[in-house]
Amino acid sequence: MKTTLHVDLQQVFGTVVQKQMSIAPSIKMASGQLAHYQDHLDEAILQEFDGLFGFINMLDSRLTRKRIVPLHIEQSDLHIFYVMEARSSLLIHDLQTKNRIEISPLRGRYLYLPQGEYELILPQGRTAICNFYFRCSIFRDGNERPFQFLHPLIAAYRSKDPTSRWSIDFRVGPRTTAHIDHLLTKLKKGDLDNEKHILHELHELIKLSNEKVFEEYHKLSASMLKAREARDLIIQYVDQHGQAFSISSLAKEIQISHDYLSEIFQQYYHQSPSAFKYDLLEEKVKSLLLNGMSVVHVAYTCGYTGSSRLCKFFKKRTGLTPSQFISKSKNS
């Protein structure tokens, strides 16, 4: 996707510096372009990645005072801004219409930004922002209908409205952070599968933000929200890490006790979170085996230190060794 948003850090900090920085990227983007900037006691790191379906920016800064960074937008696009760390809100100032868009710490917003000049007003202290803009064509054939909070932005984009617009904000929690981390750390320049990865994670983030908006503005019960958050994280972590995570650490991540998580998970899903995890893991192992992956590779992919541990898990769950399962599947 063509670069259409330019973050002019050079005007604020001067030229890119080559020396070691005292701050590091909060998430290291794989295969991205990285530039360091420094001005007296203030520092910034900008990472960028150009994909077919979206352009991704990750900006980290540590500032002794509020700074204004010019933004130049060459083409109207839909944007998502996530403020993943900050002491106070950041502002995006539309210099054409004088609109000022505020995004609070650990919150996100979708924006429609037409061509023109803008200012990104960064707060004092450490700030981490993930932004990406994407092709509106992913909303086609009426598939934008479930995302009511985005309808005004999509309509503005399609009509080439000259006025900037923005959605209601939503929370950036552990699931959102995990998706962003997975998106950024698995990028591969020049890999055909990379575009599928970007599009998949973009779809997941849009669906997740829609869910967050529904949760916050339609007031589901707190226990149901925690149970759903845990369930979605288990699905995501089994997909990404196999068995290599604990339910206790997940409970801590969503800020509830292990016992309370077990109680509400049983209440809403009629099984323990561990049972749900291992059901998903069993299906993942079966799928990988049936796709021709070796037992050793399956074990590694599913977070085991060796094939013997995988075989023990699989035999306990199915009564079969992986080899017996493959043989039986071929003969059925």
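Strand β1 (residues 5-7) and β5 run antiparallel and are joined by three bridges. Within this pairing, H6 stands opposite H72 of β5. The model is predicted.

Strand β5 also pairs with strand β10 (residues 116-122). The sense is again antiparallel, and seven bridges connect β5 and β10. V69 has L120 of β10 as its bridge partner. The side chains of β5 (residues 67-73) alternate along the strand. R67, V69, L71 and I73 point to one face and are buried.

Helix α3 spans residues 174-185 and has 12 residues. From its first C-alpha to its last, α3 reaches 16 Å, close to the 16 Å expected at 1.5 Å a residue. Nine of the 12 residues of α3 are buried, so the helix is largely enclosed by the rest of the structure. The buried residues are P174, R175, T176, A178, H179, I180, H182, L183 and L184.

L52 lies in the loop between β3 (42-50) and β4 (54-63). Its relative accessible area is 43%, so L52 is classed as partly exposed, a class that lies between the cut-offs of under 20% for buried and over 50% for exposed. L52 and A35 are 17 residues apart along the chain. A distance of 22 Å separates their C-alpha atoms.

Definitions and conventions
Residues numbered from 1 in each chain as written. Predicted model: local features only at pLDDT ≥ 70, side-chain atom pairs only at ≥ 80, totals over all residues. Heavy atoms only, no water. Helix = DSSP H or I, 4+ residues; strand = E, 2+ residues; numbered from the N terminus. Buried < 20%, exposed > 50% of the residue type's maximum accessible area, 1.4 Å probe, protein only. Pairing = 2+ DSSP bridges. Expected span 1.5 Å × (residues − 1).
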